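This briefing goes through selected features of one protein structure. Please have the sequence and the coordinates at hand while reading.

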Amino acid sequence: MSQSDLFGEASADVSVKAAQLRERLHHHAHAYYTLDAPEIPDAEYDRLFRELQALESAHPEILTADSPTQRVGGRVLEAFAVVHHAVPMLSIRTETDTEASGAEAFDARIRKELGLSAEEPAVDYVAELKFDGLAMSLRYENGLLVQAATRGDGESGEDVTANIRTIGQIPLRLPPDAPQVLEVRGEVYMRRDDFEALNERQRQRIAAGMKGEKTFVNPRNAAAGAVRQLDSGIAAERPLSFFAYGLGALSDSAEGLTTGPLPWHTHFDMLQQFKAWGFPVAHQTACVQGAAGLVAFHQNMAAARDALPFDIDGVVYKVNDLALQARLGFVTREPRWAVAHKYPAQEEMTTVQAIDVQVGRTGKLTPVAKLAPVFVGGVTVTNATLHNELEARRKDVRVGDTVIVRRAGDVIPEVVSVVLDRRPAHAAPFSMLTHCPVCGSLAEREEGEADHRCSGGLFCSAQRKQALWHFAHRRAMDIEGLGDKLVDQLVDAGMVNTLADLYHLKLDDVAKMDRMAEKSAVNLLQALAQSKQTTLGRFLFSLGIRHVGEATAKELARHFGQLDAIMAASEDALLQVADVGPVVAHSIHTFFAQPHNREVVQALRDAGLNWPEGDALAPIAMPLAGVTVVLTGTLQSMGRDEAKEQLEALGAKVAGSVSKKTHYVVAGAEAGSKLDKALALGVPVLDDAGLALLLSGEKP
């Protein structure tokens, strides 16, 4: 065999191998992006991707336009080329009536134009979501994506193919049964979680001093900006998604114009074919009948709107029967057979009249913008959260500013951005208060945290209800019958202002509370009396000291032995306690440095609370020290609380979530996502027998 024959055989082998890799990568990308059902770990996909990259790099002649490696971007354009749409991208008329009557009006118009009497059957419609993104036309020739274009003016748009290739949900090639020419219309958008992650990266870049960086106002603007990047490498870094919902050109001839009857009878059938060819179609899309079906869809999607992972600003109704669509036709370049039915706007402009600071039940200080009343998200809004000082300064919100306010459903309204060109000259930057506006205690922001908090703790009336509820918790003082509703009543009636007041309640006063009777009141007073006999660990936990959980409270009690020793301990002394770091030590020391917190502790002692005390214990070797365990499901041998106590008594840390640092997951019946994550991470999983071995000191 000649050298050239050997070379040709080797080249053919490489081409076959590359084709096989492309096929596997296309399959797994479709499973991941479109079906949301990945079949292999990300690491395995990355390995296959790198293998294909290496082959194509070594043999450039085998590179194809539909290769998954072409999604990564890197092409820089001087400008976008103009694309003339073979079939115009027409806009849909918008129904401005945001109530259900908008759907009824559309159905009435359709029935009238079709000449249907009241006795004739309801019209079939396809109801879709109105995505808040960027309209896009994808053109395929001989099964390959050759062009992606924006809507533009409907007749002509911009060629953004290089950027659209970076979207994993968009197929680069279609199955063999696809038409010779196919244009699929749809929406490019950005998911909310991807938008938040992108803005977080932008904030980090800004903090690092990188010039020219900025955060984005909303997902739509971020998506539009990504699509119109001249550098496709930058576009590839910005997570975009796609939904298909319409048809442009379709033909089995090279000209690409629609010829002959369409291969489907209904719009819904066409969408199902798109799905079969690998395009994502929103699963909320539904076939409905008549005005009642449209109204129900509009209402259901309004209720589900805020839970969706992406933004919508309405719904779209389309006559389902394609023959009826053709019969209804168009008017002033809008289809008669479709309408967009919008929801109330979620963003509006207004002005900031003041910035107040509110104190939450956990002591968090939140700056709140007091707004000139504005109707947004279906209600009149007068307040919007600024979250914390860092966020207020990042957005640079000032009194007198004109701002864009967003409200989605029941979510607390927030200021999205400031309209800088309307800022008055006298507007001053916001600064957080140095003291709590309720109790006057010092307001502190711990290192590494964004929130300021009132250090008043048990003394601050704004935190009183939360402090009482936590104090009564079964893992704290275990006061059965003292739930959050009764706590609210007692505080609102002025009967309880401090923790110690609980132990001075009278039977007649408690029995007068709503949903309370004499027997319930007697039971509550008995529970209060029983709670006076406790442990030092429980008492420390009940005080609600920030960062001091149940395990830390127990360790403090074991280490110091006496409450007075803990109250007098310096931060350096507190750092000697196992699992107590600088943040926790500072929090404990600050809490007991406040005179009013010491007064509350003394009042509780005076009310009769007591616990066994002793000398500080010398450090002992714990058999499970350094071991992290996660409990999930229902155990047969014991309750999860009992298992947690026994594990912690042996020095183990019982965590609430699974990570690579978890040593064991103990899984009982009906274990859920924690078990799945443990299996995915390769964390050892124990049953009841394995737990027993762990508690006995043996290795499972």
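The model is a predicted one. Its protein chain contains 24 helices and 24 strands. The C-alpha trace spans about 90 × 75 × 60 Å along its principal axes.

**Overall chain**

- Of the 700 residues in the protein chain, 45% are buried.
- Contacts between residues at least 6 apart in sequence join residues at least 24 apart in 67% of cases.

**The antiparallel sheet and its helices**

- An open sheet is built from 4 strands in the order β5-β4-β7-β8, with antiparallel pairing.
- Its edges are formed by β5 (144-150) and β8 (241-251), each of which pairs on one side only.
- On average, neighbouring strands of this sheet are turned by 25 degrees against each other, direction ignored.
- Strand β4 (residues 134-141) and strand β7 (residues 181-189) run antiparallel and are joined by 8 bridges.
- Within this pairing, L138 has V184 in β7 as its bridge partner.
- Helix α6 (residues 219-227) lies across β4, β5 and β7, and its direction makes an angle of about 40 degrees with β4.
- Helix α8 (residues 267-276) lies across β7 and β8, running at about 110 degrees to β8.

**The parallel sheet and its helix**

- A further open sheet has 4 strands in the order β22-β21-β23-β24, and here the pairing is parallel.
- The edge positions are taken by β22 (653-655) and β24 (685-686); each has a single partner strand, so one side of each is left without a neighbour in the sheet.
- Strand β23 (residues 664-667) pairs with β24 in the parallel sense over 2 bridges.
- V665 has V685 in β24 as its bridge partner.
- Helix α23 (residues 673-681) lies across β21 (628-632), β23 and β24, at about 135 degrees to β21.

**Strand β13 and its partners**

- Strand β13 (residues 338-342) has 4 of its 5 residues buried, so it is largely enclosed by the rest of the structure.
- Strand β2 (residues 94-95) pairs with β13 in the parallel sense over 2 bridges.
- In that pairing, T94 stands opposite A340 of β13.
- Strand β10 (residues 312-319) runs antiparallel to β13, and 5 bridges join these two strands.
- The bridge partner of G314 in β13 is K342.

**The α12/α13 helix pair**

- Two packed helices are described by the angle between their axes and the distance between the axes.
- For helix α12 (residues 464-472) and helix α13 (residues 484-492), the angle is about 135 degrees and the axes are 10 Å apart.
- Angles over 145 degrees would count as roughly antiparallel and 65 to 115 as roughly perpendicular; α12 and α13 are therefore oblique to each other.
- The crossing of α12 past α13 is right-handed.
- On the α12 side the contact is made by R464, K465, L468 and W469, and on the α13 side by D484, V487, D488, V491 and D492.
- By class, the residues of this contact comprise 4 nonpolar, no polar and 5 charged.

- D396 is not a glycine, yet its phi is positive, at about 55 degrees.
- D396 sits in the loop between α11 (389-395) and β17 (402-406).
- The relative accessibility of D396 is 22%, so D396 counts as partly exposed; the buried class ends under 20%.
- R515 is another residue other than glycine with a positive phi, near 60 degrees.
- R515 belongs to the loop between α14 (507-511) and α15 (518-531).
- With a relative accessible area of 79%, R515 is exposed.

How values were computed: Residues numbered from 1 in each chain as written. Predicted model: local features only at pLDDT ≥ 70, side-chain atom pairs only at ≥ 80, totals over all residues. Heavy atoms only, no water. Pairing = 2+ DSSP bridges. Axes fitted to C-alpha atoms, helices over the stretch in contact; angles between N-to-C directions. Contact = heavy atoms within 4.5 Å. Parallel < 35°, antiparallel > 145°, perpendicular 65-115°, else oblique. Left-handed = near helix turned anticlockwise from the far one by under 90°. Nonpolar A, V, L, I, M, F, W, Y, C, P; charged D, E, K, R; others polar. Buried < 20%, exposed > 50% of the residue type's maximum accessible area, 1.4 Å probe, protein only.
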